[in-house]
Amino acid sequence: VGSEMCIRDRDDAAAVQSMAGSLLTQDGQTSMLDLTTLPQQSAHTWVYHAISKFGFNRIQAQNICGATENKKQVFSSDYCCTKVGKSLIIEQLAAAVKSIEISGPGEYEFDKISIHVKLVEMIDGQNPLDMIPSNATNAAFDAEMISFPLTFGPFHSSESMQPLGNRNKVKLKKLISSIASKPCGLKDTSGEIIWLYKQRISEKAKLSMNTKTVLMLETQAMHKSAEPI
């Protein structure tokens with residue numbers, strides 16, 4: 001009897017997943033789900049069964065289904081699900097961009113971004129705080145507070161950092177100013193995020209009046225025809 005029940009439960013689950021999957025429509029490589037077609041009381045359950053094949057879990061399905069903000073996103077390892085109005089848009093993530101290792105001063109390249117890394121020794125009477133860049137594409141750190149190698153690469157929006165001026169760590173998705181942004185930046189040797197590129201630096205390794213050596217990172221787009229980064 002027990003085995004028959006297991007088979008019946010498995011068949012029921014497969015039937016529900018198949019029915020939920022049929023609610024998806026295709027537009028090229030993009031899958032879409034119209035939330036208005038789902039019963040309100042159990043919408044998140046239907047959403048889960050519809051998008052679970054893309055690697056999303058129940059909590060993600062519940063969060064995206066109940067989200068009140070437009071363009072709310074959740075990520076699986078290979079897909080992004082975005083809530084746009086009363087619909088869900090599921091798209092495959094672009095091929096992962098690998099992080100690069102920064103072993104010391106020099107020139108580096110990451111995903112069409114050139115990175116110039118240098119160390120600047122402070123001289124008597126020089127204020128280290130004057131080294132804070134006015135351009136968001138550059139960053140400066142107290143070199144004695146971090147050690148090489150560093151890594152520059154992509155982040156997941158679910159990762160956290162301690163932004164400058166904050167006592168606690170904050171999820172990157174709360175710091176990213178544009179929903180279209182693909183978060184990337186700098187991590188120290190321990191894997192802690194110390195720079196969310198074009199957004200924030202962390203409390204760790206911030207410049208102070210006691211800074212003796214400044215680590216500077218200056219970046220720019222590698223192609224003149226590209227839009228400013």
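The model is predicted, so local features need pLDDT of at least 70 and side-chain atom pairs count only at pLDDT 80 or more, while totals for chains, interfaces and linings use all residues. Residues are numbered from 1 along each chain as its sequence is written, and side-chain values use heavy atoms, with hydrogens and water left out.

The protein chain holds 3 helices and 16 strands. Helices (H or I, at least four residues) and strands (E, at least two) are DSSP runs, numbered from the N terminus. Of the 229 residues in the chain, 36% are buried; buried means under 20% relative accessible area, exposed means over 50%, and partly exposed lies in between (1.4 Å probe, protein chains only). A contact means heavy atoms within 4.5 Å. Among contacts between residues at least 6 apart in sequence, 59% join residues at least 24 apart.

Strands of a sheet pair through backbone hydrogen bonds, either parallel or antiparallel. Here, an open sheet of 5 strands runs in the order E6-E10-E13-E14-E15, and its pairing is antiparallel. At its edges are strand E6 (100-102) and strand E15 (200-201), each of which pairs on one side only. Two strands count as paired if DSSP finds at least two bridges between them. E13 and E14 are joined by 3 bridges and run antiparallel. Leu186, for instance, has Trp195 in E14 as its bridge partner.

Between strand E13 (184-187) and strand E14 (193-196) there is a loop, and Asp188 is found in it. Is Asp188 buried or exposed? Its relative accessible area is 5%, so Asp188 is buried. The side chain of Asp188 makes a polar contact of 2.7 Å with the side chain of Ser190, and another of 2.4 Å with the side chain of Lys204. A polar contact is a pair of N or O atoms within 3.5 Å; within protein, one must be able to donate a hydrogen and the other to accept it, and residues adjacent in sequence count only if both atoms are side-chain atoms. Leaving aside residues up to four places away in sequence, Asp188 touches Ile146, Pro149, Leu150, Ile194 and Lys204.

Last come the cysteines. A disulfide is a covalent bond between the sulfur atoms of two cysteines; the cut-off used here is a pair of cysteine sulfur atoms within 2.5 Å. A search of the whole structure finds 0 disulfides. For Cys65, the nearest cysteine sulfur is that of Cys81, 9.7 Å away. Cys65 counts as buried because its relative accessibility is 16%. Cys80 is also in no disulfide, with the sulfur of Cys81 nearest at 7.1 Å. Cys80 counts as buried, at 7% relative accessibility.
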